[in-house]
Amino acid sequence: MGRKIRCALIGSGNIGTDLMMKLRRSTVLEPVWMVGVDPLSDGLQRAREMGLKTTDQGIAGLLPHLRDDDIQIAFDATSAYVHRENSDALTARGLLVIDLTPAAIGPFCVPPVNLRAQLGRQVMNVNMVTCGGQATIPVIAAIASVQPVAYGEIVATISSKSAGPGTRKNIDEFTRTTSAAIEQIGGARKGKAIIIINPAEPPLIMRDTVHCLTDSAPDAAAITAAVQAMVSEVRQYVPGYKLVNGPVFDDRRVSVFLEVEGLGDYLPRYSGNLDIMTAAAARTAEMFAEEIIAGRFDPRSLQGVAP
Amino acid sequence: MNATTRKVTVHDMSLRDGMHAKRHRITLDEMRAIACGLDVAGVRLIEVTHGDGLGGASVNYGFPAFSDEEYLSAVIPLMRQAKVSALLIPGIGTVDHLRMAHGLGVGTIRVATHCTEADVSEQHIGLGRRLGMDTVGFLMMAHMASPEQLAEQARLMESYGANCVYVTDSAGFMLPEDVRARITAVREALRCDTEIGFHGHHNLSLSVINSIAAVECGANRIDAAAAGLGAGAGNTPLEVFVAVCNRMGIETGIDLFKAQDVAEDIVVPMMDRPLRVDRDALTLGYAGVYSSFLLFAKRAEQKYGVPAREIVMELGRRRMVGGQEDMIEDAAITLAKARGLMPV
């Protein structure tokens, strides 16, 4: 086995814990630290069981160990409110930060759409948008690759059990961040995002709907082919990503109905919203790690540079 | 309690829930005429927003004829005694919309969540209260939570700063005994100075009697709409509710004949279709499905050839909640494929 880049996970909630399980399977990343604030949190307990170093003192408990433990990449799965402080502390010490909160300090990254473009930009912080953004923006970008999209709207429905306290407190940030990324990464001139939490039992699998309004009459055949190709690409890192219905065409409206089933790493398989975030973050970090290993990217040389 | 001495605030819904029945295409002149008529009739609170609340303008719910800003700006300056409220559903609208509405003179903000998800409303209820607004928590699809669960969710909204919490029968599914159990549980759970409200739909023709049951159990705000203009088979018809209150000695402060005239002379003539308990609206109440799904299901029937009633039943089976309008077309396509009406 070759060299692995050592990582820290900040935030021991649903997202951080699911991500830890995915990183343990990576061939280029090694999760070393899990940072939480609640010593009794399930995520910290699991991390200890899996042999990670842990602290319940928040990021202050991690900072003194970064150099000795040779940590080069940090994932932040806390909340938009504390991310900026975390990010400043970590990037100043030469770490690449993958942001899984809706804080969106750094550029948005939706792997099948713009990950390659991020690699050459020498950034220290990339933002993973939101679960709904990861599930839908690839499809909007696929439609926009065929013809101009005046308006892109997404509806993400997640099960109540998979919506943690961070998501609930941050619900406005979800809609703002997702709308912005629909425009910047999806390529729609105007974006709108809607999120619904459904408490049904047994829990519903995550559903995502994309509605686009194209400038001119949609080219149905070309859009259908582009959407299907994009769905296959997302399935490479989220195997449970599925086109349920559509694309449907109605005048200038194009609608696509998606479902995201998770791998069941931490929360059960209905929580596709966790998987699509953590899988996208892991894929992003792996691509950066490959660059670091190949000597093409050195975050430590960029330390102190604003993201 | 003694209903004969009770005072109730009737809150008109025709310019918000009624937007569903009009596909959000009410004109500014229609808004002004209805609001002014209700103001003169003595209605003290009138809601003006996209049917799905502030920020509801979308492909998913329908683009309105005018923006929330335009509707609110058209109505608020004309009101002599009535106050104007706005609805906000977190996940659709944000605190930015709330600030906009407050800036335009909206005095009451109603923050709506599904009945088990009150904790998404903390930011919005908190801001409404900090801005000094009459701040209302609105627990939708309340039939899907037990009285105890509902009471717990109502307490959360109260803890965020709501001075009134609603039990909202979005599907028009509840029987009077369901209303009594829920209003009683919420009443017992909240501080005595926190008001309780009830919002009904007429899908089982029970909206008036359910509203009276709510008043008898301690609710003092009742949503109603002139001529019932609202989603599904409509809301509690305001003029009917006022007449029943008059008979029962419940004070509303509303002039019955003036309210009747607004309903008959202004609202009924602008309806796109007669508002009645047709088989599809009845099925919403029967299956416990969100009332604003009605016209979307009828449109899906036209496009995909699956009867709206069967689409509504399927949405009930899938346990869909408010806001999941996207799943109507999805369910219709899935049913059409299963029946060989569409290629798979």
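How much of residues 6-121 of chain A is helix and how much is strand, and how far apart are the end C-alpha atoms? The chain is 34% helix and 22% strand over this span, and its end C-alpha atoms are 22 Å apart. Helices (H or I, at least four residues) and strands (E, at least two) are DSSP runs, numbered from the N terminus.

This is a predicted model, in which local features need pLDDT of at least 70, side-chain atom pairs count only at pLDDT 80 or more, and totals for chains, interfaces and linings use all residues. Residues are numbered from 1 along each chain as its sequence is written, while chains are lettered from A and ligands numbered from 1 in the order in which they are written.

**View 1**
UniProt, in an unreviewed entry, gives residues 6-121 of chain A the annotation "domain: Semialdehyde dehydrogenase NAD-binding". For chain B, an unreviewed UniProt entry lists "domain: Pyruvate carboxyltransferase" at residues 8-260. UniProt positions follow the numbering used here, feature names are shortened, and annotations may be inferred rather than shown by experiment. The span 8-260 of chain B is 39% helix and 16% strand. Its end C-alpha atoms lie 18 Å apart.

**View 1. The two domains of chain A.**
The domain assignment gives domain 1 of chain A as 5-128 + 276-302, and domain 2 as 131-270. Such bounds come from an automatic or database domain assignment. The C-alpha centres of domain 1 and domain 2 of chain A are 24 Å apart. Across the boundary, 22 residues of domain 1 of chain A are in contact with 28 residues of domain 2 of chain A. Contact here means that the C-beta atoms of two residues, placed from the backbone, lie within 7 Å. On the domain 1 side, α1 (14-23), α4 (111-119) and α9 (272-293) of chain A are the elements that give two or more residues. By class, this side of domain 1 of chain A has 14 nonpolar, five polar and three charged residues. Ala, Val, Leu, Ile, Met, Phe, Trp, Tyr, Cys and Pro count as nonpolar, Asp, Glu, Lys and Arg as charged, and the others, Gly among them, as polar.

**View 2. Chain A against chain B.**
Here 27 residues of chain A are in contact with 24 residues of chain B. On the chain A side, at least two residues each come from β7 (149-159), α6 (165-169), α7 (171-186), β8 (188-198), β9 (206-214), β10 (241-250) and β11 (253-260). β8(A) gives the most, with six residues. The side of chain A that touches chain B has 12 nonpolar, eight polar and seven charged residues.

Strands pair if DSSP finds at least two bridges between them. β10(A) and β11(A) run antiparallel and are joined by seven bridges. Val248(A) stands opposite Ser255(A) in β11(A).

UniProt places the feature "active site" (unreviewed entry) at Cys131(A). Cys131(A) sits in helix α5 (residues 131-146) of chain A. It counts as buried, with 30 C-beta neighbours inside 10 Å. A residue is buried if 20 or more other C-beta atoms lie within 10 Å of its own, exposed if 12 or fewer, and partly exposed in between; C-beta atoms are placed from the backbone. Leaving aside neighbours within four places in sequence, Cys131(A) is in contact with Ala156(A), Asn273(A), Ile276(A) and Met277(A). Asn273(A) is in helix α9 of chain A. Asn273(A) also counts as buried, with 30 C-beta neighbours inside 10 Å. Beyond four places in sequence, the contacts of Asn273(A) include Cys131(A), Ile158(A) and Ser162(A). Asn273(A) and Glu261(A) are 12 residues apart along the chain, and their C-alpha atoms are separated by 8.1 Å.

**View 3. Pro218(A) in its loop.**
Pro218(A) lies in the loop between β9 and α8 of chain A. With 23 C-beta neighbours inside 10 Å, Pro218(A) counts as buried. Leaving aside neighbours within four places in sequence, Pro218(A) is in contact with Gln147(A), Ile223(A), Phe249(A), Arg252(A) and Val254(A).
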